[in-house]
Amino acid sequence: MAGGAVLKALQFIVTNVYYHKLVVFVLISIVNGAKSGSGGQVLPVNDANWTLILQGEWMLKFYAPWCPACQQIQPDWENFAKKSKALGISVGKVNVTQEPGLSGRFLVTTLPTIFHAKEGLFRRYLASRTVEDLQSYIREKKWESVEPVPAWKAPSSIGMTGMSWLFRLSVWLRHIHSYLTETLGIPVWGSYTIFALVTLLTGLFLGLMLVLIVDCLCPSKTRYREVTTEVHEELSDGEQEGVPTEEKQQCDTEDEKESLSDRASREDSAGDEASGPEEQAVDTVDGLPSGNTAATGVRKRKPQVTESMNPSTNT
């Protein structure tokens with residue numbers, strides 16, 4: 001009885017140890033198989049793990065399931081991925097229908113599009129897409145002769161980050177348009193009208209918010225309008241001294257002319273009283289101004305005196 005119990009205990013221990021060893025061996029085989037399989041498969045890249053491309057060397061393909069050219073190169077791309085471990089690179093793919101943000105980040109406009117990435121520097125692959133050409137591109141380092149993408153156009157730049165959000169917004173708007181036209185049965189023109197009204201209201205709201213922010217940051221200052229009264233006063237003698245000399249000379253000359261004209265007019269009036277009405281008529285006919293000198297008046301009166309002394313000539 002005791003010997004039988006000991007044998008059963010030994011069998012149980014041996015069986016359990018063998019079972020544990022078998023489980024451990026199976027787990028190790030699974031892990032090794034997963035590691036070896038991951039080195040020869042195409043890795044899907046999305047918005048969550050795209051930063052892995054910034055480290056190491058990668059070959060990345062952008063495709064769409066409905067694209068005939070993408071379907072044509074798919075077998076070659078998978079064969080190339082199986083040899084990626086020997087080449088020391090990683091091979092990935094991006095489905096643009098599911099990842100519009102990445103297509104905008106890399107500014108993908110044609111399908112299929114292939115990029116080579118080496119430590120964060122991206123170069124577009126434009127050669128043949130066969131397995132042999134892809135391998136020679138990596139082994140012979142043909143990518144060194146290709147100009148990398150500029151820094152402002154790099155996927156991690158601010159501009160391309162904004163472009164990725166723009167692509168996401170376009171896809172989101174497309175889904176809304178499909179929902180309005182297909183699910184709700186709204187006409188196409190009605191959907192466009194709704195989008196136009198929403199865009200207009202959004203612009204007005206953003207403009208109002210911008211004005212409020214500017215007023216809060218830079219408040220406008222109150223400006224008081226100053227009203228000035230002009231008082232016109234006559235210039236005193238002391239202020240007249242400040243008048244320029246040229247103006248003074250002109251004024252003095254005009255005053256002298258006026259004084260001379262007044263003096264001549266007085267002399268003419270005195271001569272007219274002495275000579276009588278005949279001399280006044282001669283002066284009127286001649287049309288001489290009142291400002292002539294006394295000499296001119298005397299010169300014109302002499303002939304009249306001679307005529308009066310010889311009455312025979314007048315007859």
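Q: Which residue does Phe115 stand opposite in β5?
A: Strands of a sheet pair through backbone hydrogen bonds, either parallel or antiparallel. Here, Phe115 stands opposite Arg124, and the bridge partner of His116 in β5 is Arg123. A word on the source: this is a predicted model, where local features need pLDDT of at least 70 and side-chain atom pairs count only at pLDDT 80 or more, while totals for chains, interfaces and linings use all residues. Residues are numbered from 1 along each chain as its sequence is written, and side-chain values use heavy atoms, leaving out hydrogens and water.

Q: In which sense do β4 and β5 pair?
A: Two strands pair if DSSP finds at least two bridges between them, and strands (E, at least two residues) and helices (H or I, at least four) are DSSP runs numbered from the N terminus. Strand β4, residues 113–118, pairs with β5 in the antiparallel sense over five bridges. The hairpin of these strands has two residues between them, and Glu119 takes a positive phi near 55° there.

Q: What joins β2 to β4?
A: Six bridges do, and the two strands run antiparallel. Within this part of the sheet, Phe62 stands opposite Thr113 in β4.

Q: What is the strand order of the whole sheet?
A: The sheet is open, with five strands in the order β1-β3-β2-β4-β5 and mixed pairing. β1 (43–44) and β5 (121–125) are the edge strands with a single partner each, so one side of each has no neighbour in the sheet.

Q: Why is β4 largely enclosed by the rest of the structure?
A: Buried means under 20% relative accessible area, exposed over 50%, and partly exposed in between, with a 1.4 Å probe and protein chains only. Five of the six residues of β4 are buried, so the rest of the structure largely encloses this strand. Across the chain of 315 residues, 23% count as buried.

Q: Which strands does helix α2 lie across?
A: For such angles, axes are lines fitted to C-alpha atoms, for helices over the stretch in contact, and the angle between N-to-C directions runs from 0 to 180 degrees; contact means heavy atoms within 4.5 Å. Helix α2 (residues 68–82) lies across β2 (57–63), β3 (90–95) and β4, running at about 160° to β2. Helix α5 (residues 131–139) also packs on the sheet, where it touches β2, β4 and β5, and its direction makes about 145° with that of β2.

Q: How many residues line the largest pocket?
A: On a 1 Å grid over the protein atoms alone, a pocket is an open set of points where a 1.4 Å probe fits, with protein on both sides within 12 Å along at least five of seven lines; lining residues have an atom within 4 Å of a point. The largest pocket is lined by 14 residues, with Val96, Thr97, Pro100, Ser103 and Arg174 nearest its centre. Helices α4 (100–105) and α6 (158–183) are the elements giving two or more residues to this lining, and α6 provides the largest share, five residues.

Q: Which residues are closest to the centre of the second largest pocket?
A: They are Phe106, Leu107, Phe115, Val149 and Lys153, out of 14 lining residues. β4 and β5 each supply at least two residues of that lining.
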